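Take a look at the links between side chains in this protein.

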Amino acid sequence: MSIKPVQVNVNELALGMFVSGLDRPWTQTPFPIQGFLVRSSLDIENLRAYCDYVYIDVTKGRSANAAKPNPIPRIHKGEAPEKGAKKAHARPAPVQKAAASAQRIGQVPLKIKYGVYATVTPMRKELVQANRAFTTLKGNLGLFAKQLSKGKQIDYDTVRRSVNSMVDSVLRCPDAFTWLMRLRRKDQESYDHSLRSALWAVQFARFIGTPKDDIQVLCTATLLKDIGKMRLPKELLKKSNRSPEEEHQYRRFVEYGVEMLRNTHQVEAKVISVVRHHCERFDGSGYPEGLIGSKIPLLAQMCGIATVYDAISNPRESAKPVAASRAVSLIYNMRDRQFREDLVLQFIQSIGLYPTGTMVELTTGDIGVVVEQDPDSRLTPKIALLANRQGDGEKIVVDLKDQKAVNAVLEERQPLMRTAEKVAIARDLEPSRFDFDVSDLTPESLQLKATSSNGIIGSLKERFLGR
């Protein structure tokens with residue numbers, strides 16, 4: 001006889017309980033689908049951010065009848081949002097301590113200030129500035145690398161100005177640069193990984209309120225982190241299964257990069273420090289020094305998470321990226337091992353489960369692409385609905401927060417197939433499963449609808465039904 005899972009309100013969770021089910025699909029959260037044991041207050045805080053209630057397996061963990069733990073506040077004292085900023089009640093509160101291993105090594109709590117950077121420019125308007133910043137930065141980065149490799153006089157000031165333009169764009173509207181990188185996916189040149197990693201790193205830093213000067217250092221270092229690979233044989237870089245000797249040779253790219261940047265006498269010490277330590281890991285398994293925990297500079301840890309996330313999302317041997325939820329799940333499983341736990345969870349919050357450009361399937365079966373996120377409502381972004389799975393025809397952008405407008409759009413497309421259920425994202429999709437390529441979707445092809453459903457029905461008849 002099987003034991004039925006017990007439903008528990010997230011505010012009544014206790015350490016030692018085994019969470020076997022959620023009040024939403026696992027793919028809408030960063031948690032491992034097979035369930036997990038609640039090991040710390042941070043696990044409870046993260047569950048609070050996504051769920052109202054969960055199901056626990058009393059055969060694998062603590063019973064629901066056990067003594068309730070002391071309440072864990074959602075926002076810690078002194079971390080209230082700044083005046084004029086939106087409340088961050090949907091996000092995990094800052095963590096007093098990370099996991100047990102972090103406590104043993106005296107890890108300093110992560111300082112977080114939500115709402116420091118507000119989105120001040122609409123995405124469509126910011127795309128113009130983002131495109132200019134992207135094009136200029138990519139050109140200057142390539143020139144810098146060539147100058148460095150040939151021992152010529154470098155123009156680091158130009159690179160720094162380009163970095164500042166990118167940082168300013170992401171601070172104004174992070175979705176614009178993210179969307180732009182999605183559209184550039186077909187352009188698989190050598191610097192794309194560094195550019196994408198820098199974008200994730202800057203979005204991460206923006207989310208937790210990192211000072212702008214540090215964000216610029218982080219961005220610059222992430223862009224230059226692989227510069228030392230120019231000294232390695234191309235065959236070694238392309239090889240996926242390296243022998244121990246080849247792996248040792250490969251890892252020297254870090255010291256090569258540090259040496260090259262130091263020899264310029266222009267690159268800031270903080271930037272070089274991040275480049276030097278971005279391959280170190282929280283549990284000491286990294287390189288080149290095998291540093292542990294807080295001995296790794298914070299910006300280097302942030303760079304490392306962004307780098308690994310992009311490597312997972314865009315594997316070298318694959319022409320197509322993996323689904324975002326898969327990459328998030330893998331990063332989540334690295335918490336308290338390769339990376340400190342609170343950083344991992346804040347990173348996941350910063351990029352969202354469905355980053356801009358992610359293909360998703362709705363609970364109604366419709367297919368769409370995430371085109372813009374709401375930082376206070378990550379599970380209800382703006383979606384570009386596709387007329388079919390080939391992406392033909394016009395795409396209408398709907399806001400999942402406005403259920404009335406969404407239902408009006410969907411009802412006109414297939415009146416007999418609609419139900420009264422709440423329309424939400426059911427899962428994200430592997431892009432390679434469809435003939436449609438997100439890279440072919442341009443802002444000009446989108447038709448943004450008002451948040452109100454008034455006036456939508458008439459225009460849809462001609463657009464979708466040919467009436």
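Cys51 has a relative accessibility of 3%, so this cysteine counts as buried. Cys173 comes out at 2%, so Cys173 is buried too. The cut-off behind both calls is a relative accessible area under 20%. Keep in mind that this is a predicted model.

How many disulfides does the structure have? The count is zero. A disulfide is a covalent bond between the sulfur atoms of two cysteines. To be counted here, a pair of cysteine sulfur atoms has to lie within 2.5 Å.

Now turn to the charged side chains. The structure holds 22 salt bridges. Here are some of them.

Begin with Asp310 and Arg196. They form a salt bridge, and their closest N and O atoms are 2.8 Å apart. Why does this pair tie together separate parts of the chain? Asp310 sits in helix α12, which covers residues 298–313. Arg196 sits in helix α6, which covers residues 192–207. The pair therefore links parts that are 114 residues apart in sequence. Are these two residues buried or exposed? Both Asp310 and Arg196 are buried.

Next come two strands. Glu361 forms a salt bridge with Arg427, with 2.7 Å between the closest N and O atoms. Glu361 belongs to strand β5 (residues 359–362), while Arg427 belongs to strand β9 (residues 425–428). Look at how the partners face the surroundings. Glu361 has a relative accessibility of 16%, so Glu361 counts as buried. Arg427 has a relative accessible area of 33%, so Arg427 is partly exposed.

Strands also supply another pair. The side chains of Lys382 and Asp399 meet in a salt bridge, at 3.9 Å from N to O. The cut-off for a salt bridge is within 4 Å, so this pair is counted. Lys382 lies in strand β7 (residues 382–385), and Asp399 lies in strand β8 (residues 395–399). The pair therefore ties together parts that are 17 residues apart in sequence. Lys382 counts as partly exposed because its relative accessibility is 23%. Asp399 is buried because its relative accessible area is 12%.

Finally, salt bridges can share partners. Which residues are joined this way into one network? They are Asp43, Arg335 and Glu341.

Notes:
Residues are numbered from 1 along each chain as its sequence is written. This is a predicted model: local features need pLDDT of at least 70, side-chain atom pairs count only at pLDDT 80 or more; totals for chains, interfaces and linings use all residues. Side-chain values use heavy atoms; hydrogens and water are left out. Buried means under 20% relative accessible area, exposed over 50%, partly exposed in between (1.4 Å probe, protein chains only). Helices (H or I, at least four residues) and strands (E, at least two) are DSSP runs, numbered from the N terminus.
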